[in-house]
Each structure stands twice: as structure tokens, then as C-alpha cells.
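Hi everyone, thanks for coming. Please have a look at the model on the screen, and then I'll walk you through a few parts of it.

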Amino acid sequence: MNRRFLLRASAIAGGGFMLGLYPKELKGQSPRGASQTLSPVDFVSIAPDGTATLVATNQELGQGTLNLLPMLIAEELDVDWKAVRIVRSGVAPKYGGQITGGSSATPTQWEPMRRIGASMRHMLVAAAAQTWGVTAEECSTASGIVHHRASGRSSGYGELAAKAVTMPVPAFASLPLKDPKNYTIIGTSTPGVETRAIVTGKPIFGIDVTVPGMLYATFEKTPVLGGKVVSANLDAIRAMKGVKHAFLVDGIPSSSSYPNYLFEGPGFEAGVAIVADSWWAAQSARRKLQVKWDFGKWATQDSDANAKRAEELSKQSAARTLRNDGNAEAVFQRDDVKVVEAPYVFPFIAHGTMEPQNCTAHYKEGKMEIWSTSQFPAPGRTAVSRLLGIPEAEITLHMVRGGGGFGRRAYNDSMCEAAWISKTVGAPVKLVWSREDDIRHDYYRCGGFQYLKAAIDPSGKLVAWKDHFIAYGEENAFVHDGGFNPGELPAGYVQNFLVQASTMPLGLKTGALRAPGSNSIAWVMQSFLDELAHAAGKDPVQFRLDLLKMALPAPPEAGRGAPRAMGLNPSRMSDVIQLAAEKSGWGKRNLPKGTALGIAFHYSHRGYFAEVAEVAVSANKKLKVNQVWVAGDIGSQIINPSAAESQVQGAVIDGLSEMMQEITLKEGRVVQSNYHQHPWLKMSQAPPVEVHFLKTNNPPTGLGEPALPPILPAVTNAVFSATGERIRTMPITKQGFSFV
């Protein structure tokens with residue numbers, strides 16, 4: 001490949017040089033498959049004292065990426081981690097996709113970030129070799145110092161920076177990378193660079209941003225999707241203490257029926273904005289707001305009515321077939337098979353991030369400056385540009401740490417609102433959503449209904465599977481992130497496999513929640529597999545291992561939901577199942593009455609996870625998760641072990657919380673408003689989570705998503721083993737269960 005490097009040296013305050021390298025064709029892939037040219041000078045600089053400043057380009061939401069990508073650079077640069085300084089980037093094409101989501105940072109940046117560090121190290125060694133009159137091969141590096149073994153000479157990176165810029169540029173493609181056995185940073189637990197700031201209450205989150213002359217805004221949005229403002233008592237609001245502005249926002253329809261600020265924006269809900277000299281004043285005025293709404297066509301929506309309609313649709317012929325292998329219906333008619341049927345229902349769920357949505361924007365003289373916690377900042381800037389007619393080049397976007405994301409911050413609605421309000425009032429404005437705003441105006445994890453039917457032959461083998469998925473959407477279109485991948489396991493492992501779908505309309509925004517799709521599908525599939533294991537009279541672990549041996553030789557045809565099924569390696573999955581079972585003592589421990597183990601597995605986002613939960617259930621259906629054992633395979637290398645363990649433990653806690661959560665609709669409005677109605681697991685309810693990783697000869701991948709899905713079915717399967725009652729409806733309170 002024709003790779004060309006450019007060098008740049010620039011004077012810095014206090015003397016010396018900053019060193020940077022430019023391989024012009026270094027590619028970094030965004031999660032959506034796009035590629036950009038990355039230049040190491042945009043990621044690395046070395047000061048005279050040897051301090052290496054590394055640029056972190058992805059949003060930090062608590063998942064540890066602020067350390068992760070710089071660790072990859074630092075390893076190949078061969079610098080002492082203590083001599084590393086990490087800074088945040090801005091938002092610009094030169095940094096690549098900057099998409100934070102989909103557990104994508106590790107798989108897309110694993111090699112590009114290491115090559116950035118390796119190229120920098122190569123130039124520093126060449127500078128030292130020329131200075132000493134020796135060959136580069138005679139030199140070595142360690143902890144930011146170049147050594148010449150024969151003469152005993154050595155120089156720090158800071159001393160070599162100026163010389164290094166005159167050295168020939170290495171052929172990037174042939175740059176050797178370290179043998180993993182020589183890693184000193186990768187694979188070592190490193191504390192988060194902002195941990196001390198967090199625990200000491202430093203203002204580092206988006207909600208902490210302050211700008212000189214800043215005003216504070218609240219935005220009362222239509223409680224029903226698509227509603228409009230007819231009138232409001234604006235004069236009375238404007239007369240209240242501290243209020244500077246109050247005005248109507250008409251709202252802008254999105255380009256589709258279901259607005260998507262992720263890629264397809266703009267879209268903008270109608271409402272009333274109040275701007276004051278403090279958020280308290282703005283929110284106090286909002287409580288006095290009287291709005292007459294035109295709620296539009298979704299004002300009659302009702303969750304109970306939707307559930308009733310789903311039940312009706314399940315008894316009718318499906319609207320369409322998504323996948324049909326063999327002839328499942330014929331198998332169900334056989335006399336020698338045992339047929340099992342079960343409905344599963346999962347609800348809408350809000351993200352409920354600890355830090356509610358917020359954004360600070362400053363419009364002045366045709367330019368916009370924004371401080372945002374967005375996971376998808378560049379699409380957010382595009383949406384603002386389209387909404388307000390400001391060229392993207394005139395919009396400066398700062399990434400600020402977010403207090404939780406889980407996919408919610410992929411949607412840039414708060415950014416659009418803050419920018420709109422700032423441009424309207426001509427002043428810097430911080431918009432803060434209340435907790436109630438956040439719960440009632442989310443992009444919800446979509447709910448759904450699965451009507452399952454399967455057949456077991458006399459040997460206990462799964463021989464037919466049918467799924468009628470009742471979803472939200474119109475005709476053949478599912479709502480955003482509300483569809484179903486017909487390639488989901490056990491597709492490809494059952495000869496006779498039928499997946500069909502019917503839809504019903506929805507007036508609610510839906511979107512990605514941590515492990516999107518998998519966070520509901522895994523519960524349904526793994527619960528029903530557990531039902532089949534018991535119906536077959538087999539041990540649930542062994543039933544799953546047997547199923548994974550049944551991979552059909554012919555791959556699914558394109559366009560039939562193939563990617564997820566084809567991406568699953570049954571051998572890797574079997575290994576984590578066996579490891580989880582072994583660590584939990586599956587089948588080897590005598591447990592008290594009312595206490596049992598449950599197992600589940602799932603493959604998503606390139607990660608293989610199996611989890612065992614031990615649950616104790618009292619006579620009044622109070623359940624306690626005593627312990628969880630997690631076995632995961634995310635490839636050949638764990639980059640930051642402490643962060644990886646935290647990610648898995650956090651995923652388990654998130655999953656357990658989802659078992660208590662539900663968003664419902666009444667008269668088109670979201671009923672729930674705060675954590676008391678949409679709870680999270682309490683610290684006293686959190687079980688010990690034992691985490692084990694299998695290292696395999698596969699590229700490393702991410703951890704944000706794949707550890708979550710198995711925990712829900714692991715717990716409900718354990719509840720069945722302990723009580724004989726199968727939980728088929730979420731949240732668990734629907735069937736009278738609750739955590740203690």
C-alpha cells in the first residue's frame with residue numbers, strides 16, 4: 001500500500017518541541033462501517049519532559065473508554081503509563097467516527113490505535129540510533145526511554161523529539177507490533193483517569209458545564225407524541241421572578257412516522273420553553289404553566305388495549321413470514337412428538353440514566369457552540385445544522401462526560417432543543433431535563449409479544465420451532481429497534497423453523513437500550529429453551545450443549561436474518577456454558593428448598609456469555625439473587641481487566657433492574673414519571689457477581705452489551721427450578737414476584 005507519513009514539529013511554550021506523525025492512510029472504522037483517515041499527530045504529542053499526551057476520541061459514559069484507547073497507543077509507544085496524560089478530543093472528521101455504542105470501540109480501534117503508537121516509537125528509535133552512530137536494531141525501548149545495549153547509552157523520548165522529526169518515515173503496513181507476552185500496559189488494571197474527580201465531586205459532567213452569562217431553560221413538551229400547543233399563559237409566566245423568556249415551539253415533523261434523531265433527523269417535539277436566570281426559577285415557572293394541547297391521533301393509546309390486540313392477532317394468521325426452514329407445522333401434527341406452547345410478553349423500558357438529559361448551547365453571530373454528552377455527536381451536529389440552518393462548519397461541539405448512557409445519549413433531542421432555545425433568545429443557555437422529562441420523553445426499549453411453539457421428539461431432541469412475533473409498526477415496517485432478527489438462535493440449529501410477524505401501530509419513540517434487541521430476545525429464547533429442556537426431561541445445561549451440536553450444515557440464505565446466527569461459533573458458546581456451570585457448581589451442590597440455579601447464554605455484539613444465577617424464593621414470592629457466575633469470551637485480550645470486570649458486573653445489575661421496570665401508556669401518555677415507578681436495583685439487593693473470561697484466539701471485542709442479556713433468563717429459569725412457576729411476563733411483579 002502507498003502510505004505516506006508527514007512529520008510536524010512545533011515550538012511549545014517553555015521551549016522544546018512537540019512531535020507528531022502523519023500516516024495519511026491509516027484507517028479507523030466507525031461502527032457503521034464507514035472509514036476515515038486517521039493521523040497520529042491528532043492523537044499523540046510528546047513534551048520535552050517525556051510526557052506523552054494522548055487524545056481520547058470516544059465519549060466517556062462510565063464504560064472506561066477514556067482509558068481504553070489511549071492504553072492501546074501507549075502500549076506500542078512503549079511509554080510509562082505514569083507519564084501519560086489523557087485529553088479529550090473535539091468532534092471532527094480527523095478523529096474517525098467517534099460513535100460510542102454497540103460495544104464497538106475495541107473491535108474497530110484495536111489495531112489502528114496500536115499502530116499509531118508503534119509509528120511514533122519507530123521514529124524515536126531512529127533518532128537515537130543516528131545520534132549514537134548505531135543501527136536501530138541495536139536499540140530498544142522501555143518506559144519512554146531508548147536504550148543502546150552495547151554502549152549503555154540511553155535517552156528519554158522528550159530529548160529525542162526534535163531529532164525524531166528529521167528521520168525517514170517507516171512503511172506503516174510493515175510496522176511490527178508487540179508480542180502480547182511483552183505487554184506492560186494492555187492487560188494491566190488501570191484506574192479511570194477521572195475517578196478521583198468523580199469521587200471528590202469535581203464538575204466534570206455535562207450537567208456541570210457553565211458558560212459566562214449563561215441562562216437556564218426548561219422545556220415542557222407535548223405529553224403525547226405528535227401533539228401541538230394551542231395556547232399557553234405566556235404573559236403570566238414571563239412576569240414571574242427570574243424569568244427572562246417564555247415562548248412556544250411549534251415542533252418540526254421528522255422525516256418518518258417514528259422520529260429518529262440518530263441518523264434521520266431532524267424532528268422536534270412541540271412545547272413551551274421557559275428561560276430564566278436559574279434552573280429553579282425556570283422550573284418554578286413551569287409549574288405555573290397552563291397549556292392547552294391538541295394531542296393529535298395518538299391520544300387514545302393504551303397499553304392494556306395494545307396487549308388485548310396482541311392476543312387477538314396471535315390467534316389470527318400472521319401478516320408475514322420472516323423465515324421458514326423445513327415444515328414446522330407438519331412436525332406439530334406428528335403423534336410421536338411433545339408439543340410445548342407459551343406466550344412471552346416484555347414491556348417498554350426507559351433508560352433512566354443517573355444524569356438526566358441536558359445540553360449547553362451558545363449561539364452568537366451566526367455561530368453555535370455546544371457542550372454535550374452525546375454518544376453520537378457528529379449526527380447531533382448535523383441535526384442542529386438542519387434545524388437551524390447553520391452550516392456545520394460554524395458549529396463547535398465539545399464532548400463532555402455523561403453520567404450513564406446505555407444508548408439514550410445516541411439520540412440528540414436535548415442538543416437540538418438547547419440549540420434552538422439559545423438561537424431564539426440569543427444567549428448561552430443550559431437546558432436541563434427533569435427526571436420526569438427523562439422518563440416520559442425517552443426513546444424506549446420497545447416492548448413486544450412472542451407466541452412460541454416447539455416440538456420435542458422421543459429422544460428429547462428439539463425438532464420444530466415456531467414463533468409468531470407480535471410487534472409494533474405498520475405493515476412490513478417495525479418501529480425503530482422494535483424488530484426481530486429471524487436468524488436468532490435456535491435458527492440454524494433446528495431443521496424445522498418458522499418465524500412470522502404481525503404488527504400494530506404505536507405512537508411512542510423507541511430506540512436502542514444497552515444490548516438492543518438482545519436484552520429482550522435473550523430472555524424469551526432462553527426461557528423457552530429452558531421450558532423445552534424440562535419438557536424433554538434433560539438437564540438444562542446439557543440440553544443447551546446438545547442443541548449447539550445440531551448446527552445445520554447449510555448456512556441461512558441472505559436476507560433471512562443470517563448475520564446473528566452465522567456469527568455464532570457453537571464451540572466458543574459451549575465453552576463458556578461449561579465454564580459457567582463449572583464455576584457455579586452446577587449439579588454438584590445440594591441447595592435448600594426454595595433455592596435453585598438457572599442458566600442462560602447469549603451471543604451478541606461479538607461476545608459470548610453464559611451466566612448462572614442462584615436464587616432463593618420465599619413462599620410469598622420474594623426472591624433474592626444469592627450469586628451470579630459469569631463466563632465470557634471476548635477474544636484474545638482483556639485490555640483493562642478492572643474495567644472489564646466492572647462492565648460485566650454493571651451489566652448484571654442493569655439486567656436485574658430491567659426485571660422490575662415497565663413503561664405503560666394511558667390516553668397516549670407515559671404513566672411512569674420517576675424512579676419510584678421505574679426502579680433500579682438497590683445496593684442491598686445486588687448479588688456478588690463472579691466474572692471469568694476465557695481467552696481465545698480471536699480478535700478482542702467490546703463489553704458494553706453482551707454480558708447483559710443472559711442474566712434475565714438465568715434468574716427466571718432459576719425461579720422456575722425453585723418454585724415450579726415459569727415467569728413469562730415482565731416485569732416480574734406482573735406475576736407477583738419482587739426482589740428483597
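I'll talk about confidence, a sheet, a threonine, some aromatic rings and a hairpin.

First, some ground rules: this is a predicted model, where local features need pLDDT of at least 70, side-chain atom pairs count only at pLDDT 80 or more, and totals for chains, interfaces and linings use all residues. Residues are numbered from 1 along each chain as its sequence is written, and side-chain values use heavy atoms, with hydrogens and water left out.

How confident is the predictor? pLDDT is its confidence in each residue, from 0 to 100. The chain averages 90, and 91% of the residues score at least 70. Residues 1–35, however, have a pLDDT below 50, and this stretch has 111 contacts in the model beyond near neighbours in sequence; a contact means heavy atoms within 4.5 Å. Residues 558–564 are also below 50, with 15 such contacts. Where pLDDT is low, the predicted coordinates should not be read in detail.

Now find the open sheet of 3 strands, in the order β5-β6-β7, with mixed pairing. Helices (H or I, at least four residues) and strands (E, at least two) are DSSP runs, numbered from the N terminus, and two strands pair if DSSP finds at least two bridges between them. β5 (44–46) and β7 (84–88) are at the edges with a single partner strand each, so one side of each has no neighbour in the sheet. Neighbouring strands here are turned by 25 degrees against each other on average, direction ignored. Angles run from 0 to 180 degrees between N-to-C directions, and axes are lines fitted to C-alpha atoms, for helices over the stretch in contact. β6 (residues 52–56) pairs with β7 in the parallel sense over 5 bridges, and Ala52 stands opposite Val84 in β7. Helix α1 (residues 65–77) packs on this sheet and touches β5, β6 and β7. Its direction makes about 140 degrees with that of β6.

Next, Thr100, in the loop between β7 and α2 (105–132). Is Thr100 buried or exposed? With 7% relative accessibility, Thr100 counts as buried. Buried means under 20% relative accessible area, exposed over 50%, and partly exposed in between, using a 1.4 Å probe and protein chains only. The side chain of Thr100 reaches the backbone nitrogen of Gln59 at 2.9 Å. Leaving aside residues up to four places away in sequence, Thr100 touches several others, including Asn58, Gln375 and Phe376.

On to the rings. Rings of Phe, Tyr and Trp (its six-membered ring) pair if their centres lie within 6.5 Å; planes under 30 degrees apart count as stacked, over 60 as edge-to-face and the rest as tilted. By this rule there are 11 aromatic pairs. Phe406 and Trp680 form a tilted one, 6.1 Å centre to centre with 35 degrees between the planes. This pair ties together parts that are 274 residues apart in sequence. Phe406 is partly exposed at 27%, and Trp680 is partly exposed at 25%. Another tilted pair is Phe469 and Phe484, at 5.4 Å and 45 degrees. Both Phe469 and Phe484 are buried. Ring pairs also link Phe348, Phe449 and Tyr472 into a cluster.

Finally, the hairpin. β9 (residues 145–148) and β10 (residues 153–156) pair in the antiparallel sense over 4 bridges, with Ile145 opposite Gly156 in β10. There are 4 residues between these strands, and Gly152 takes a positive phi near 80 degrees.

Terms used: pLDDT = per-residue confidence, 0-100. Polar contact = N/O pair within 3.5 Å; in protein donor to acceptor, adjacent residues only side chain to side chain.
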